[in-house]
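Biologist: I have a model open and want to learn how to read it. Please take me through it feature by feature.

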Amino acid sequence: MKLFIASLVFAASALHCMAQAITPLPDLTGDAPPFEAVATNIVVAVPAASISTNLLGIGGVVGPLPATTNAPQPVVSDVNLHEANLPKPTSSSRVCFSSCHVSGPYIALTFDDGPHPENTVRLLKMLKERGIKATFFCVGQRVADHPSVAKRIVEEGHEIGNHSWSHKVLSAMTDAAVARDLERTDEAIRKATGVSPKLMRPPYGAFTDRQRDWAHRKWGYSITLWDVDSQDWRNPVASYARSRILQGTGPGSIVLSHDIHKSTVDGMPKTLDALKAKGFKFVTVSQLLALEQEMLSKLPATPGAQSYADRATKGRPAKVSTKSTAQAR
Ligand code: NI
């Protein structure tokens with residue numbers, strides 16, 4: 001097992017250490033390159049009195065330790081949550097993100113460009129059999145064409161997001177045209193499912209910084225990108241996408257695939273089972289955001305913790321693609 005220190009914060013007479021424990025696991029898929037395993041976030045508070053003075057000054061992180069005679073008992077909190085105790089999703093302050101900072105092996109699988117009358121239905125069955133919840137970024141005109149499939153997505157506990165009306169490059173359109181496009185899609189989703197999407201994913205990730213802020217302010221959308229791109233549209237061989245997913249996915253990942261491709265759905269049982277075998281737990285994007293909020297709320301309110309929260313709020317650099325491949329993303 002390897003231990004990576006994510007942050008050190010000195011507060012309340014204790015050193016709060018956030019770390020990731022990485023446990024290598026064997027490659028269980030047979031056709032994927034070696035994967036380094038599941039990381040578990042750990043938060044440990046070590047009383048000042050028990051910290052060796054040798055730690056003083058490491059990287060300038062730890063300042064002089066105050067003398068304490070009644071230091072608190074060590075608090076070791078594994079903040080992994082049981083699925084049944086997931087925090088309730090609320091409206092998120094995140095404008096745009098491609099992954100989340102979570103305490104535990106939680107990931108969000110996302111499926112774009114559907115609903116598809118056959119492939120999405122097959123995928124829903126696979127997810128149900130495994131008790132997996134996912135997020136579907138649907139294209140408005142396909143929702144209008146296949147409302148019963150969209151309805152089933154929501155009825156089976158998955159999240160649904162807005163992926164535009166007809167998969168155009170929104171960054172090249174006027175605000176008025178984008179507003180018509182997104183509102184028309186929201187309306188189709190509402191009509192089919194009874195819910196209004198809180199998430200929006202621009203086709204190809206193509207949305208300017210200004211558009212992201214504008215859409216978040218105007219409709220409250222959290223603009224959801226991804227940190228793992230299966231590129232299933234590029235190569236119809238299922239093992240290609242599976243390999244990319246298994247290599248790239250870590251705690252807090254948002255994984256992009258497409259439920260309109262037969263090959264993607266054909267390969268999904270093996271991919272889902274391999275992710276499960278590695279210990280990942282599957283949540284919707286809004287649940288992933290809620291888990292992040294919960295983790296951040298547990299951090300001590302110190303300048304050091306603030307900087308960690310800042311990093312989490314900003315997330316990893318958002319990826320923007322300008323690819324114009326019709327089927328992509
Ligand atoms: Ni797309």
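Modeller: Start with burial. A residue is buried if 20 or more other C-beta atoms lie within 10 Å of its own, exposed if 12 or fewer, and partly exposed in between, with C-beta atoms placed from the backbone. By that count D113 is buried, because it has 24 C-beta neighbours inside 10 Å. This is a predicted model: local features need pLDDT of at least 70, side-chain atom pairs count only at pLDDT 80 or more, and totals for chains, interfaces and linings use all residues. Residues are numbered from 1 along each chain as its sequence is written.

Biologist: How do I read backbone geometry, and what is phi at D113?

Modeller: Most residues other than glycine have a negative phi, and most peptide bonds are trans. D113 has a positive phi, near 80°. D113 lies in the loop between β6 and α1. Those labels are DSSP runs numbered from the N terminus: helices are H or I, at least four residues, and strands are E, at least two.

Biologist: Which peptide bond is cis?

Modeller: The bond from G114 to P115, with omega near 5°. P115 is in the loop between β6 (106-112) and α1 (119-130).

Biologist: Where is H167, and is H167 buried or exposed?

Modeller: H167 sits in the loop between β8 (159-162) and α4. H167 is buried, because 21 other C-beta atoms lie within 10 Å. Phi of H167 is positive too, near 65°.

Biologist: Now helix packing. What describes two packed helices?

Modeller: The angle between their axes and the distance between the axes. Axes are lines fitted to C-alpha atoms, for helices over the stretch in contact, and angles run from 0 to 180 degrees between N-to-C directions. Helix α3 (residues 147-155) packs on helix α4 (residues 175-193) at about 75°, with the axes 8 Å apart. The pair is therefore roughly perpendicular (65 to 115 degrees; under 35 is roughly parallel, over 145 roughly antiparallel, the rest oblique).

Biologist: Which residues of α3 and α4 meet?

Modeller: P147, A150, K151 and V154 of α3 meet I189, A192 and T193 of α4. Contact requires C-beta atoms, placed from the backbone, within 7 Å. The contact has 5 nonpolar, 1 polar and 1 charged residues. Ala, Val, Leu, Ile, Met, Phe, Trp, Tyr, Cys and Pro count as nonpolar, Asp, Glu, Lys and Arg as charged, and the others, Gly among them, as polar.

Biologist: What is the angle between α6 and α7?

Modeller: About 40°, with the axes of α6 (residues 238-248) and α7 (residues 262-277) 9 Å apart. By class, the contact of α6 with α7 has 5 nonpolar, 5 polar and 3 charged residues.

Note on methods. Two residues are in contact if their C-beta atoms, placed from the backbone, lie within 7 Å.
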